[in-house]
Amino acid sequence: MHTKEHVCALHIVVSCNLTLKANVFSISCRQDIVLHVPMNIVTGINNYKLIFRALRIYGRMFFKALWLDIIRISQPSNNVIVIRWQVRGIPRVPWESQGIFDGTSEYKLDKEGKIYEHKVDNMALNARPKLKIPTVAELLNVEISPSAPRPTFFFGKAQEMMNVE
């Protein structure tokens, strides 16, 4: 497994990606780095830098304040480090609001510890726990257990009184 220094360096890389420190890219990333985002693939260090530069510009344009929180760092295999992160921001709108973006970044490292692949996944805007809402068909197929209360009003003595002639 990679050492603690690699994990600490990666934590710095993630933080610096949003502040766009050019020397961090050249130290920690290979020239042929590949970035996988949900609907696109970006190749090359210059395009990788461009994506983070655009994120920084749009972040400053649309938000008064932004925070990057590292939720968890794990290493599922020898050359893979996964970071669970959350970006929070206060948008530039006249009413009170807050935006929250959750996601994971999976970094694949080569033998020298440089990043050659970065995969962003599980992005969700204002993520909240998802509850399973049953469909109407599921609600109609619910079976009543034998211990469920049964109406007894029309049975027994009340029924005998109705049948009296």
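Met61 first. This residue is partly exposed, with a relative accessible area of 45%. Met61 sits in helix α3, which covers residues 45-62. Keep in mind that we are looking at a predicted model.

Met61 belongs to a nonpolar surface patch. The members are Ile57, Tyr58, Met61 and Phe62, and the patch comes to about 420 Å². Two of those members also pair up through their rings. Tyr58 and Phe62 form a stacked aromatic pair, 6.2 Å centre to centre, with 25 degrees between the planes. How far apart are Tyr58 and Phe62 along helix α3? They are 4 residues apart, so about one helical turn separates them. Tyr58 is partly exposed at 47% relative accessibility. Phe62 is partly exposed too, with a relative accessible area of 47%.

Next, the other rings. The whole structure has 3 aromatic pairs. One of them is Phe63 with Phe101. Their centres are 6.3 Å apart and their planes stand at 80 degrees, so this pair is edge-to-face. Phe63 is in strand β3 and Phe101 in strand β5, so the pair ties together parts 38 residues apart in sequence. Phe63 counts as buried, at 16% relative accessibility. Phe101 is partly exposed, at 28%.

Buried or exposed for Gly89? Buried, with a relative accessible area of 0%. This glycine is found in strand β4. Set aside neighbours within four places in sequence, and Gly89 is in contact with Phe63, Ala65, Leu66, Trp67, Gln98 and Gly99. Take Leu66 from that list. Gly89 and Leu66 are 23 residues apart in sequence, yet their C-alpha atoms are 4.3 Å apart in space.

As a general point, nonpolar side chains tend to be buried together in soluble globular proteins. Here the largest nonpolar core has 15 residues, and Cys29, Ile33, Tyr48 and Ile115 touch the most other members. At least two residues of this core come from each of β1, α3, β4, β5 and β6. Which element gives the largest share? That is β4, with 4 residues.

On to charges. The structure holds 4 salt bridges. Start with Arg30. Arg30 forms a salt bridge with Asp32, where the closest N and O atoms are 3.0 Å apart. Arg30 also forms a salt bridge with Asp110, at 3.5 Å between the closest N and O atoms. Why does the Asp110 pair tie together parts that are 80 residues apart in sequence? Because Arg30 lies in strand β1, residues 29-37, while Asp110 lies in the loop between β5 and β6. On accessibility, Asp110 counts as buried at 11%. Asp32 is partly exposed at 44%, and Arg30 is partly exposed at 27%.

One more bridge. The side chains of Asp69 and Arg88 meet at 2.8 Å, N to O. This pair links distant parts of the chain: Asp69 is in strand β3, residues 63-77, and Arg88 in strand β4, residues 80-91, 19 residues apart. Both ends are partly exposed: Asp69 at 23% relative accessibility, Arg88 at 24%. Back to Arg30 to finish. Shared partners join Arg30, Asp32 and Asp110 into one salt-bridge network.

How values were computed: Residues are numbered from 1 along each chain as its sequence is written. This is a predicted model: local features need pLDDT of at least 70, side-chain atom pairs count only at pLDDT 80 or more; totals for chains, interfaces and linings use all residues. Side-chain values use heavy atoms; hydrogens and water are left out. Patches are made of residues with over 30% relative accessible area and no salt bridge: like charges are joined within 9 Å, nonpolar side chains (Val, Leu, Ile, Met, Phe, Trp, Tyr) within 5 Å. Accessible areas come from the Shrake-Rupley method with a 1.4 Å probe; for residues, only the protein chains shown count as cover. Buried means under 20% relative accessible area, exposed over 50%, partly exposed in between (1.4 Å probe, protein chains only). A nonpolar core is a set of buried Ala, Val, Leu, Ile, Met, Phe, Trp, Tyr and Cys residues joined through side-chain atoms within 4.5 Å. Contact means heavy atoms within 4.5 Å. Rings of Phe, Tyr and Trp (its six-membered ring) pair if their centres lie within 6.5 Å; planes under 30 degrees apart count as stacked, over 60 as edge-to-face and the rest as tilted.
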